[in-house]
Amino acid sequence: MGIADNISHINERIKSVCDRCGRDIDEIILVGVSKTHPVEKIVEAKMAGLYVFGESKVQEFLKKYEEVKGVRWHFIGHLQKNKVKYIIDKIELIHSVDDYELAVEINKRAEKINKTMDVLIQVNIGKEETKYGVYEDELFDFCKRLSELKNIRIKGIMCIPPNEDLDSTRFYFKRMKFLFEEVKKLNYDNFDIEYLSMGMTGDYEVAIEEGANIIRIGTGIFGERDYKKEDIKNE
Ligand SMILES: *Cc1c(COP(=O)(O)O)cnc(C)c1O
């Protein structure tokens with residue numbers, strides 16, 4: 001199947017999950033995770049109606065950004081502080097704020113260009129040493145510290161759950177939904193909680209059932225990457 005077929009297949013599945021659980025399909029943002037895939041495939045996906053793409057490496061993103069116009073970009077990988085300056089004016093949403101110093105740097109670079117940068121907090125929901133993100137027991141302290149940073153706007157939370165069976169994945173997603181509702185209750189000036197980013201190729205239907213409104217799909221749209229899933233954790 002080609003990319004356009006993959007996208008329409010996924011859209012149909014999103015629609016049937018939404019119908020089944022009484023959700024509005026317009027609530028769901030599909031991010032096409034284009035990391036490792038060439039520009040031609042992104043253009044193909046764009047022609048098929050996809051308009052948000054997720055990248056996880058700064059160098060690779062910058063090259064694609066120059067070559068593909070008229071789409072929106074999300075940064076979904078671990079972001080090094082010293083690279084924030086290259087992407088700050090080009091990215092619509094950073095999914096992966098996992099550390100206070102990183103947030104401070106994003107805030108500083110955003111201020112310099114008079115921007116308020118939309119970000120999500122990455123939660124290490126399975127408390128895995130191999131993954132980035134704040135632990136849930138640190139989340140509310142972390143939020144409090146972020147509330148001082150006026151040039152970032154906290155739009156929600158994101159996770160990559162442990163690679164286990166779908167029942168445990170669902171458990172982690174439920175936990176995320178709970179945290180999402182709790183974070184929504186905070187009334188810090190720079191918090192405008194709207195997004196729960198969770199669900200990838202293997203589990204996006206479960207994610208939607210449990211309340212996700214941003215899903216990030218790579219393989220299901222673009223096919224296999226030439227490196228293994230294990231690498232996702234450390235990008
Ligand atoms: C690679 C990646 C995805 C996409 O994974 P697939 O299983 O290929 O859909 C989603 N989110 C993040 C953070 C990723 O790094």
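The numbered points below treat the basis of the model, its strands, the ligand site and a few individual residues.

1. Basis of the model. This is a predicted model, in which local features need pLDDT of at least 70 and side-chain atom pairs count only at pLDDT 80 or more, while totals for chains, interfaces and linings use all residues. Residues are numbered from 1 along each chain as its sequence is written, and side-chain values use heavy atoms, with hydrogens and water left out.

2. Strand E1 and its neighbours. Helices (H or I, at least four residues) and strands (E, at least two) are DSSP runs, numbered from the N terminus. Two strands pair if DSSP finds at least two bridges between them. Strand E1 pairs with strand E8 (residues 214–217) in the parallel sense over four bridges, and Leu30 stands opposite Ile215 in E8. E1 also pairs with E2 in the parallel sense, here over two bridges; the bridge partner of Gly32 in E2 is Phe53. From E1 the chain crosses through H2 to E2, and this β-α-β crossover is right-handed. A crossover is called right-handed if, with the strands pointing away from the viewer, the path from the first strand over the helix to the second runs clockwise.

3. Cover of E1 and E2. Buried means under 20% relative accessible area, exposed means over 50%, and partly exposed lies in between (1.4 Å probe, protein chains only). E1 is largely enclosed by the rest of the structure because four of its five residues are buried. Phe53, in strand E2 (residues 52–55), is buried with a relative accessible area of 0%. The C-alpha atoms of Phe53 and Ile42 are separated by 8.1 Å, and the two residues are eleven apart along the chain.

4. Strand E4 (residues 93–97) is mostly covered, as five of its five residues are buried. Two bridges join E4 to strand E3 (residues 72–75), and these strands run parallel; Phe75 has Ile94 in E4 as its bridge partner. Two bridges also join E4 to E5, again in parallel, and the partner of Ile94 in E5 is Val119. E4, H5 and E5 make a right-handed β-α-β unit.

5. Strands E6 and E7. Four bridges join strand E6 (residues 152–158) to E7, and the two run parallel. Met158 stands opposite Ser197 in E7. The chain passes from E6 through helix H7 (residues 166–184) to E7, and this β-α-β crossover is right-handed. Strand E7 (residues 191–197) is mostly covered, with five of its seven residues buried.

6. The ligand. Which residues are the closest to the ligand? They are Lys35, Thr201, Gly218, Thr219 and Arg225, within a set of 15 residues that surround the ligand; a residue is counted if one of its heavy atoms lies within 4 Å. This shell divides into seven nonpolar, three polar and five charged residues. Here Ala, Val, Leu, Ile, Met, Phe, Trp, Tyr, Cys and Pro count as nonpolar, Asp, Glu, Lys and Arg as charged, and the others, Gly among them, as polar.

7. Polar atoms at the ligand. An N or O atom in the side chain of Lys35 is 2.6 Å from an oxygen atom of the ligand. A polar side-chain atom of Arg225 lies 2.8 Å from a ligand oxygen atom, and one of Arg216 lies 2.8 Å from a ligand nitrogen atom. The protein covers 99% of the 390 Å² of accessible area that the ligand has on its own (Shrake-Rupley method, 1.4 Å probe).

8. Asp203. This residue lies in the loop between E7 and helix H8 (204–209). Is Asp203 buried or exposed? Asp203 is buried, with a relative accessible area of 12%. The side chain of Asp203 reaches the backbone nitrogen of Met200 at 2.6 Å.

9. Two residues with positive phi. Thr36 has a positive phi of about 70° although it is not a glycine. Thr36 lies in the loop between strand E1 (29–33) and helix H2 (39–47) and is partly exposed, with a relative accessible area of 28%. Asn114, also a residue other than glycine, has a positive phi near 60°. Asn114 is placed in the loop between H5 and strand E5 (117–122) and is exposed, at 74% relative accessible area.

Methods. A polar contact is a pair of N or O atoms within 3.5 Å; within protein, one must be able to donate a hydrogen and the other to accept it, and residues adjacent in sequence count only if both atoms are side-chain atoms.
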